[in-house]
Amino acid sequence: MTTKRATNVTLFIAFALVALIMTIAMPERFLRLINLQNMMRNLPEYALLAFGIMLAMTVGGIDLSGVSVLSLSGVVAGMILSRHQELGMGPWMTIILAMSAAIVVAAMCGVINGAIVSIAGVPAIIATLGTNGLYLGIAMGLTGGSGLGNFPLQYIRIANGNVLGIPIPFIVFVVVAILLGFLMERTSLGFQMRMLGASPVAARFSGMNNRVILIKTFVIIAVLAGISAILLTSKVATMRPNFGQQYMLLAVLLSVLGGTNPDGGFSSVLGVSLAILTLQIIATGSTFLGFTPFFRNFLYGVMLLGVMIIQFYRETGQLAGVMRRFRQPFARKKPAAT
Amino acid sequence: MKTSFPKALLARHETYLALIIILFSIVLANATTGFLTAGNLLSVMRGGAGLGILSLAFFVALVSGGIDISFPAIAISGQYIAIRAMLAFGINSIWAAFGISIAIGIAYGLFNAFLITKFKIPSMIATLATFNLYHGALLEFVGTEAVNVGRIPTSITEFGRMAIFRFETEQGPLGLSIFVVVWGAAIAATWFIMRRTMLGRGIYAIGGDAEGAKRAGFRVTRIRYFVYGYVGFLSGIMGIIHVSLIRFAQPNNIVDTALLRVIAAVILGGTAITGGRGTITGTTLGVIIIILLDRHLIMLGIPSAWTEFFIGIVIVVGVIATHLRMKISRVRRGELVVDRAH
Amino acid sequence: MVQALLEVRNIRKAYAGVQALDDVSLTVAPGEVHCLVGENGSGKSTLIKTVGGAVQADSGEIIINGTSFGSSISVIQSIRHGIQIIYQDLSLFPNLTVAENISLSQMIEQGEKLTNWKRIREVALRSLAQIEEHIDVDLPLDRCSMAQRQIVAISRALTQGAKLIIMDEPTSAITAEDVRRLFKAVRRLNEQGVAMLFVSHKLNEVFEIADSVTVLRDGKKVGDYQASELNQDKLTFLMSGQNLEYKPFQFDPEKEGAPLLLETRRLRKVNQFHDIDLKIHAGEVVGLTGLVGSGRTELALSLFGLNPPEGGDIVIDGSLVRIKGPEDAKRHGISYLPEDRHGQGLFGHQTIADNVVATVIDSLRGTTGLIDARRRDRIWQEWIDKLKIKTPSGHNLVSSLSGGNQQRVVLAKWLAVEPRVFIIDGPTIGVDVVSKARIHDVIQELARTGMGILVISDEVTEIMQVCSRALVMRKGRIVAEFTDLQSVQESEISQVVAGIDGSEVVA
């Protein structure tokens, strides 16, 4: 329990620090409303995927199919939306239909993932690597590789609109984070997910139904990806099937940064949320500094390794020793002992 | 008590793979006219050699109980850096190409090993990070400029044309591509290491029980350095083979479909993700299944937009079949099996 | 006088304020079978690890074949001088063949770079021949039984020129036949001058195989004895330092008019158990004993839903039920305390609180569908108090507790469900003597509240101390029932268990 709190505190400090640095370094660009709004608008696409990875790690596995579920549900929604004039249902009915379809498709993907893992006994990493290709393949097949467009204006306003100055996607992010927080801390399912990740055998012996828990978990993860798809298609008003495979690294990084134990049993929604906020600021900062997306990815790799290395030293109790050695070169020479 | 030969054969995973290959070949031979020709088969092997080499690398990593998903980035890094270096310094030797690519591959591989052994970072996460590290660094620090056919050093294109056992046919001269020869050499070398050296026994032992391997006297850290270094080595080789095959060097072309196909080939081949088990025969058969699929779905009339889906389906079904079999045999043996995520 | 093979003098070792070994001395002669006995926590594991080099003693002396190593020895030195430790997990590779498992260590030691399969098989066969054993050396180890694996482990030790083989709890997980096979191998080794040091808490085996016995208690040596001068009672007294009080539990269900809670009729599962007619009444403690492989745990798991039977009926409160999984068992009021506390009973790195409420979490939902946190916290705090689980806070990890306290957590977890039938498998495995007695008290108290309890144990002593009646299983059948445990001798029951009472089981 205390390590969870310690991690969250560290993350909060990191977030505050980064925000402070950015404010001081380039206040004119950073503190502009437009910029803050952009950050809040872009964040949820990968944030929800990161939450998905967090859930997967909590049950002791990993779900690499998030981006493809996003693609597929985005394509399905996009296909409905792009035909809104032909369907003649009026824009809002079409939108509701498209959104529901996206979520339903996503949920179905989640059921498939969960079934393959729990019933067939395929380790989650392989199962989702396989279904990742599968769902992507379907998305590619449905679109023939080309993009979709011509969405109703009202739809585009969803992600691009604000409520009291706060971008709607960010509100969605906050709501999702709160719901997930409740799920993990205060529901029976969240508790069982943690225990399953801690020890599947002990969970079974405690009378838990592992199969149901796993399937529900993967459905939730997939639905998160579906929501991401809606936000994304609404924001950019188009849908390309082969989108954002690089988001997986980011999602894993954020989950691990947020204090999730990849072996299962521990996770913190707050931690991952803080990691997401921190990273968004860093990403924006790097764009301002003119970093290319390649360098950003490079940095993410470095960061992930950095976090794991610090984790290693902390766990082996050597953190203090290493920190001491870092401080050594800066230590002043002591006067001769008297 | 030894089981009879036919029964032992049936119990082996490789038998089923061979059967699938035969079945698929029959279907293809009937459905198309061009399949069973020497020209087609040789061409298929030539195109699949790269995948075959990468699969051997992934196989070794998996048997050792780890996983390495950075190999596509290593391959493209070795390839692109070698090409750019050759162009920059006016070198035109295939040996230089291989030398540079292999050197980079081994260096990257050893770095992976360093992260995994010194900081005990789970290999999945470490190589996920280095994938982006290597690829990001390549695009950022070396460049994104593609090198097209006209500028590829001739030594490389020449290399691609090499073949042995040449013979004449109506379609023209045919032979066993040098790529397949290299693949064959890689198979032989990997087989030798895994079956005929204590190093290989050590890799299997670590995959079975790393702690126990240490207690038995195996130098676990050293062996891990070898494993990931070897993955880098083979990836470096594949990088040059790849550019020699397509005669085009595009650093952004990260061959990440390669990742899925390699993993599929190795898992289909019967190697367990948990480590300690797997055969080269199985891996090679798995590779053959994947490359047959890749090339011939179009022949079977499946539109190209749907090839990814089909391959995905085959992989998913294959993986389900493999693991379901394992699960059922464990239940039969009386083991208490619970549903889990890993 | 023959020079001692191994001599340790005045070994001391402390861990974080606890004195694990306090001035312990021990001598093993060549070719003898020496048993090191003591309760859990007595220091026996620490002692053998010190001898094997896995642990460095604080002070004392280790002398092997006359050569002194001071107070600490390295693993390699220990092995080179002929000491081999076989831990309970055997440290074998399930994914490699028998031949590889036996020969690889020797190959490594000899600096071999290439594998010579012929030699690997030869070395393995020769080693097996030394103890007159036959196993197909090409079998992958995961196809071998536990007993075969022990033979493989011993053979491996022999390839490295072992003069003293130390085995940690070798008989815990094998059947009686396997024990005989093991002891045969041990005697072969003795004839060749190889000594064995058994670490054990299973008293019966001690007497059958040992030449001499050293007893440890709380880190100190109680004494060295010849096996011939000891008996069960004396050894128990020496190990625990107290005369254990028998508090026999008397309960006649008919006399008390106790309701029948659970009944099985001709329950069967192929290769596991047949013809099981079992009755559990409210208020009684039924004991089920038998050797490993007799089907007792399989039967228990069957009642709990993890091993559904193939035939026969389970009747609860007079109606037929199907138990397809632990959820069903829980619903029908059946709790099961598993044999493997660590793997099956506890969530190791989770809090005590979470462990206790894990079974009842579903029923803690409030009106909003969310967990009623206050009720949850009240439940685990209650159980910590009721069972006197020693911990500063319920939010501590369960891994920070001692074995006895961990067992209480598992107990709490299953009592929280308020079961009517409680199946307890191996209640005191790995638990110190004092906690053992307390747990027995708790079990009897539970019975008095009206629960029907089924205790499964391979220690006949325990059965006799805790139960009101005992059933013996052998080869999947219930072969005997003892309803009056007062008037029966322990040896009588033990004989039925081992199958040497003359009665044959028709398979």
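Chains A and B touch through 52 residues of chain A and 46 residues of chain B, where contact means heavy atoms within 4.5 Å. Keep in mind that this is a predicted model, in which local features need pLDDT of at least 70 and side-chain atom pairs count only at pLDDT 80 or more, while totals for chains, interfaces and linings use all residues. As for bookkeeping, residues are numbered from 1 along each chain as its sequence is written, chains are lettered from A and ligands numbered from 1 in the order in which they are written, and side-chain values use heavy atoms, with hydrogens and water left out.

How big is that interface in area terms? The size of an interface is often given as the accessible area lost when the parts come together. Between them, chain A and chain B bury about 4100 Å², with 80% of it on carbon and sulfur atoms; buried area here is the accessible area (1.4 Å probe) that two parts lose on being put together, summed over both. On the chain A side, the residues that lose the most area to chain B are A:Ile126, A:Phe294 and A:Leu305, which together make up 15% of what that side buries.

The rule finds 1 salt bridge across the A and B interface, a salt bridge being a side-chain nitrogen of Lys or Arg within 4 Å of a carboxyl oxygen of Asp or Glu. Look for it between the side chains of A:Arg211 and B:Asp339, at 2.9 Å from N to O. There are also 7 residue pairs in polar contact between chain A and chain B, both residues at pLDDT 80 or more. A polar contact is a pair of N or O atoms within 3.5 Å; within protein, one must be able to donate a hydrogen and the other to accept it, and residues adjacent in sequence count only if both atoms are side-chain atoms.

Several elements of chain A give two or more residues to this side, among them α6 (91-118), α7 (124-143) and α15 (293-315). Helices (H or I, at least four residues) are DSSP runs, numbered from the N terminus. The largest share, 13 residues, comes from α7(A).

Over to chain C, where 23 residues are in contact with 23 residues of chain B. Chain C and chain B bury about 2000 Å² between them, 57% of it on carbon and sulfur atoms. The rule finds 2 salt bridges here; one of them pairs C:Asp142 with B:Arg277 at 2.9 Å, N to O.
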